[in-house]
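Visitor: Could you walk me through this one? I'd like to start with the fold and then see what touches what.

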Amino acid sequence: MTRSVARDAARTRVAAARRELRAARTVRALAAAGLAFAAIEAIAWGLAALLDIDALHRMPAGFVAAGLGALLAGWTVQRRATAAKSDTSTALWLESQLPELRFALVTRLELEDGHAAVPALEARVATVPVESRMRAVIWPPLLRLSAMAAVALMAVLAIPRLSDGRSSATPLPARRVANALADWQVSITPPAYTRRAAERYDNPVRVVAPTGAGVRVSGVLGVAPVAMSIGAAPVPVDSSGADNRWAVELPMPRAAVALNATSGAAQRVLLLEPIADSLPTATLQAPARDSVFRMPTGTLALRAVARDDYGVRDAWFEVIISSGEGESFRFRTLTLGRRAGAGAGPTELRAALTLDGLGLSAGDLIHLRAVARDGNTVTGPGVGGSDTRTLRIARPDEYDSVAVEGAPPPDPKKGILSQRMLIQLTEALVANARRLSHAQLTDESRRIAKDQDALRRQVGDVVFSRLDDNGQGAEHAHDHSAMTPEQLMAEAQAEMRNAGAAVDFAEGESPVIAINRPLLEAYNAMWDASRALSVGEPKAALPPMYVALAAIQRARAAERIYLRGRPKDIVVDLAKVRLAGKTDGIGPGPRRPRPSESDATRRLLGRFNDALALLPRDAAGAVNQLLLLRAELLGSAPTLAAPLADAIDALQRGGDVTGPLAAAYRRLAGEPAQIRPASGWSVDP
Amino acid sequence: MSAFTFATAQYDSGDWDSAPSVPANVIDSVARYTSIAVNPTGVIVALSSADVLRYPLLYLTGHLPVRFSGAEREMLRTYLRRGGLLFVDDHNHDIDGQFHKTATQELALVTGKPLAPLRNDHALYRSFFTFPDGPPTTSHELNGWGDNLVHKQLLAHLDGDRIRVLYSNKDYSSEWNFHPDNKRFLSVDPTRFGVNLVVYALAG
Amino acid sequence: MGALLFGAWQTRGDAPPRARVVRESVPAALAADAQRPDALGDTLLLALASVPDAGTRAWLSARQQAGGPVRWFGDVPTAALTVDALADPAGGVQVTVAAAGGTEFELRDSLGTLGRVASGERWRGPPVVGAIRAESRTPAAGASLRAEVPTAAAIRRVTVLARAGWEGQFVASALESRGWLLDARFDVRPDTAVRQGSPRGIDPRETAVVVALDSSAVREASALAAFVRRGGGVILGPEAWSHPALASLRAGVPGPLQAERMIAVSAEAPREGLPLLPMRALRADAVALERRDGEVAVAARRIGAGRAISVGYADTWRWRMTGPDGAVEQHRRWWSQLVVAANPSSGSTVLSGDAPLAQLVDAVGPRAGPLADLRGSDDDRSRGHSPWWGLVALALLVAEWASRRLRGAV
């Protein structure tokens with residue numbers, strides 16, 4: 001039994017050593033795998049920082065690669081650890097580690113149990129403390145290796161959490177991208193008064209926003225610092241953010257500018273295009289015309305409407321009263337009916353102007369208009385006004401006025417233009433008469449006659465509308481279109497007698513004639529003209545048409561308020577004074593050359609062509625150049641800038657950009673013309 | 001070729017006709033000092049009318065508030081864009097006056113920017129007579145009327161170096177508003193600057 | 001015997017020349033030709049339905065010059081493209097297409113379509129990108145023409161002479177804005193002028209064109225005449241050319257003045273309402289450039305080495321001021337083109353472009369007659385002169401023999 005035990009002792013000790021070696025092999029493989037994993041992760045980090053592949057370390061493939069690397073490392077270690085392969089290899093390993101065994105262990109294993117040398121060998125093996133010596137050799141370095149692997153693993157697994165902000169206890173150095181300008185975001189915060197929502201854009205090359213809007217451009221910090229400028233003026237960049245981002249904040253300027261950004265060798269341009277705030281508009285609806293008052297009494301109803309692109313803040317009536325004459329005037333300014341705006345829609349204003357309380361005296365003038373103000377807190381407030389109405393208090397010694405209270409003059413512009421147009425048409429018809437057949441001539445002439453009749457009716461209506469407005473109202477409205485001039489005059493006189501409100505008129509002349517004389521004369525002449533046109537005699541129609549035009553112009557002049565009357569013309573006797581002056585001090589300087597617009601166009605085309613030349617090899621650079629060109633054109637020639645925007649946007653979208661670029665070039669270069677030459681020397685029409 | 005015609009702008013608000021003798025006086029001076037063909041009388045043109053385009057030099061004055069109508073504003077824009085020159089003179093000679101306040105506002109609306117001082121070595125001051133110190137002073141300024149100021153510079157809206165709108169607070173409208181026959185009583189003709197303006201417009 | 005000997009020398013050792021008719025691919029025929037050393041002696045008869053391309057034309061020309069006759073016949077479309085760089089500071093090109101009447105061509109450059117132009121019309125446009133191509137969609141025309149844009153002539157100075165006034169001011173401004181380098185003299189008094197540059201010396205080496213708008217130029221009348229003879233260009237306004245002192249330069253005699261017409265100016269006929277001093281009894285060497293209502297409004301003459309253009313319109317500045325939208329640019333372009341037209345050096349601008357038919361004629365000669373005639377004449381030629389020479393020799397021999405016989409008989 002003792003022999004047997006002795007015989008088994010050596011084998012048992014080898015088997016135990018082999019188990020322990022297996023355990024050590026497993027631990028070593030795990031440590032190696034951990035180290036490999038950590039090393040691969042670290043390499044991925046380095047590459048990400050170097051190549052600006054920001055998400056490389058977060059990609060699943062990265063983890064898989066690291067895991068595979070770890071498995072490979074562990075498997076390799078496992079394979080290379082041969083000591084635990086068999087009892088013999090374990091014994092050999094022990095012999096190599098414990099020389100004092102003097103091969104007793106290996107020899108014992110090779111001998112049969114009954115061999116005579118076995119006891120001696122067993123005895124020698126028993127004298128050596130194999131287990132303790134073996135542990136001292138295996139575990140200390142293995143534990144150090146495991147600790148290293150554990151630390152490395154912890155490091156690579158902990159850093160992402162720290163950089164993601166999940167741990168702020170001990171911030172590690174921030175990760176930098178290679179090109180800080182490769183990816184930027186622009187936030188627009190419109191001014192509050194515009195009531196527009198904030199907007200955010202990814203990688204825009206141009207942004208359009210109201211003047212004064214807050215513009216914030218930001219991106220991830222890069223290896224090289226970010227610098228910004230507008231022209232030669234630097235724009236401060238905030239790179240101190242804890243979120244590893246740079247940012248620039250500036251207000252949208254009044255004129256378009258290019259924000260130039262550089263970071264190392266990278267360059268980028270952001271075009272800031274402001275939308276100008278339009279001035280508010282106001283339309284004075286009542287009173288509709290200038291007027292003269294005999295007495296400063298009564299109340300005038302005022303009515304107006306105001307509008308603005310972002311909404312009217314408030315609106316009111318402005319009344320300026322001027323007193324005096326010659327070189328001495330005094331002014332008083334009043335406001336009436338102030339009202340807060342009604343949002344983005346139109347704002348209606350109503351008020352009453354009581355003349356009695358204004359302390360007016362003869363000759364005083366009231367300048368009345370509606371004024372609107374917008375809520376622009378950036379470049380404004382913008383103030384816009386309506387046309388001005390002038391109300392005058394008559395003087396007792398009035399000599400020049402023919403205006404009538406409550407009898408607004410017609411809008412003469414339409415009539416004048418129409419009559420001019422009719423004259424032009426008739427002149428053209430007369431000029432072409434030889435080339436037309438009689439039937440064609442008559443048809444054309446009758447067509448003009450119809451228009452002339454329509455205008456005549458309009459003039460007739462104007463004469464009566466004044467009388468109607470004078471107190472008669474609509475029930476007195478008649479169809480005057482068929483009346484002859486004599487009938488019209490008689491009717492007008494009758495109406496005026498009924499009105500019974502004569503105000504200003506010249507001595508010995510009824511008011512209706514004084515007021516309407518030029519228009520009646522025009523009416524009369526138009527009647528003659530349309531008669532001649534109706535029978536196909538346009539040439540005969542022209543003289544009365546000229547008379548009608550002159551009469552309408554006189555009517556317009558008569559209806560304006562001339563404070564001093566039309567001045568008497570002074571005719572200079574040129575022959576008498578010609579070169580009679582003293583010549584002291586005469587010495588004209590040189591005429592200064594005007595700038596060439598062709599040169600400017602050539603320069604623009606040159607810059608455009610430079611951008612086109614750059615396009616095949618550096619599309620981003622070409623876009624930058626086009627942006628700079630557009631920034632300049634928005635200030636000097638906005639119509640030329642528009643097609644550039646289309647070209648820039650098309651370049652940003654990608655695809656075929658030939659069309660937009662060609663359109664932009666054509667607009668810059670000018671429009672072509674086709675001519676039919678009379679000779680080889682001919683010039684364009 | 002047509003002769004030069006002095007044109008006065010008639011606008012809807014204010015007293016556009018406050019200096020009726022100015023045109024004749026300037027016409028007289030143009031004939032007196034130059035051989036430029038000039039019509040013996042001036043014309044009055046409505047600022048809202050396309051007729052203003054027939055007169056590339058236009059004179060506008062008054063004492064009262066100036067509020068252009070929409071049509072006047074639009075026509076004036078066209079006029080300036082086509083190459084016309086508008087000469088505006090404040091007949092109040094008062095920078096606190098209603099004419100100055102309203103006219104400068106209106107002109108800024110028309111041109112898109114405020115009027116700016118015109119430098120005193122501008123070609124206008126050497127276009128015919130030489131005015132080394134810039135715009136000649138007027139007796140109204142020297143007498144302390146109006147705003148009691150001697151305005152050292154005129155205001156202008158320029159297109160490059162070219163004057164498009166010339167604005168004066170010096171009250172040339174009062175200074176030149178007399179019958180031209182009375183020039184014989186003056187040692188120095190105050191309308192000589194008017195000749196500079198005309199020559200500048202025609203040849204400067 | 002001499003004749004026999006001559007005839008024998010004429011026909012010595014010649015293989016009978018052949019004529020080959022080519023109806024299909026000319027290049028293929030030429031390629032086959034090149035592979036046969038003896039083929040050069042053949043006459044190529046080309047039956048053409050279109051003009052061969054430039055390469056083929058060059059090959060044909062080379063064959064002909066190497067001694068290989070080439071003759072062609074057939075109806076080929078006639079088309080030619082000319083591109084002229086405008087001698088205008090603003091640049092631009094003028095395109096002319098010659099083709100059968102009314103044929104319309106589409107013009108393109110590297111950026112795309114420029115416009116359309118019909119034969120007999122001209123197309124003027126701003127600077128283009130790359131070469132210009134003109135393509136006809138009419139099968140009969142069958143032309144696809146191409147032309148490079150030549151370099152424009154260098155810009156030289158222009159002098160404006162006038163009294164101070166709107167016309168001088170606005171004409172000078174128009175030319176300057178267009179980019180012409182300007183000298184000017186505006187008279188304000190008999191002894192005083194507002195000047196720009198140095199317009200005193202009128203020399204064609206320095207100044208391309210003098211614009212004399214009114215009679216203030218009369219005192220330079222002889223200098224202007226000499227200037228034109230030496231190669232300068234002069235543009236005369238109505239008051240200038242109607243003045244007797246400048247009569248030697250004008251294109252005709254003045255007719256009755258047509259006053260300004262109070263009409264709305266249109267973009268199509270922008271000078272319709274301008275005052276006009278028409279030219280009548282045009283000189284034989286004058287050419288009318290523009291007419292209005294049948295009257296000559298603008299006319300030009302070549303005088304010596306230079307040119308003189310008489311303009312009948314007065315107060316063209318009204319066009320700029322009162323015309324429709326674009327009138328400022330139109331007025332500017334019109335005056336600039338007058339200067340280009342008056343500038344003799346602008347005629348030296350290199351013209352370029354395809355004229356395929358002309359180039360074919362230049363390469364291989366004019367169109368031949370019908371095929372039958374061609375073949376006949378060539379067959380005759382290929383047979384040489386021997387039959388005739390034989391007959392002549394025979395006749396001479398008979399004569400000789402008869403002479404001897406007759407002499408002996410006597």
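Visitor: What pattern does chain B follow along the sequence?
Guide: This is a predicted model, where local features need pLDDT of at least 70, side-chain atom pairs count only at pLDDT 80 or more, and totals for chains, interfaces and linings use all residues. Residues are numbered from 1 along each chain as its sequence is written, with chains lettered from A and ligands numbered from 1 in the order written. Read in order, that gives β-α-β-β-α-β-α-β-α-β-β-α-α.

Visitor: Which helix gives the largest share of the side of chain B that touches chain C?
Guide: Here 18 residues of chain B are in contact with 24 residues of chain C (C-beta atoms, placed from the backbone, within 7 Å). The largest share of chain B's side is three residues, and they come from helix H6 (residues 192-203) of chain B.

Visitor: Which residue stands opposite Ser229(A)?
Guide: Strand E5 (residues 226-230) of chain A runs antiparallel to E6(A), joined by three bridges. In E6(A), the residue opposite Ser229(A) is Pro234(A).

Note on methods
Two residues are in contact if their C-beta atoms, placed from the backbone, lie within 7 Å. Helices (H or I, at least four residues) and strands (E, at least two) are DSSP runs, numbered from the N terminus. Two strands pair if DSSP finds at least two bridges between them.
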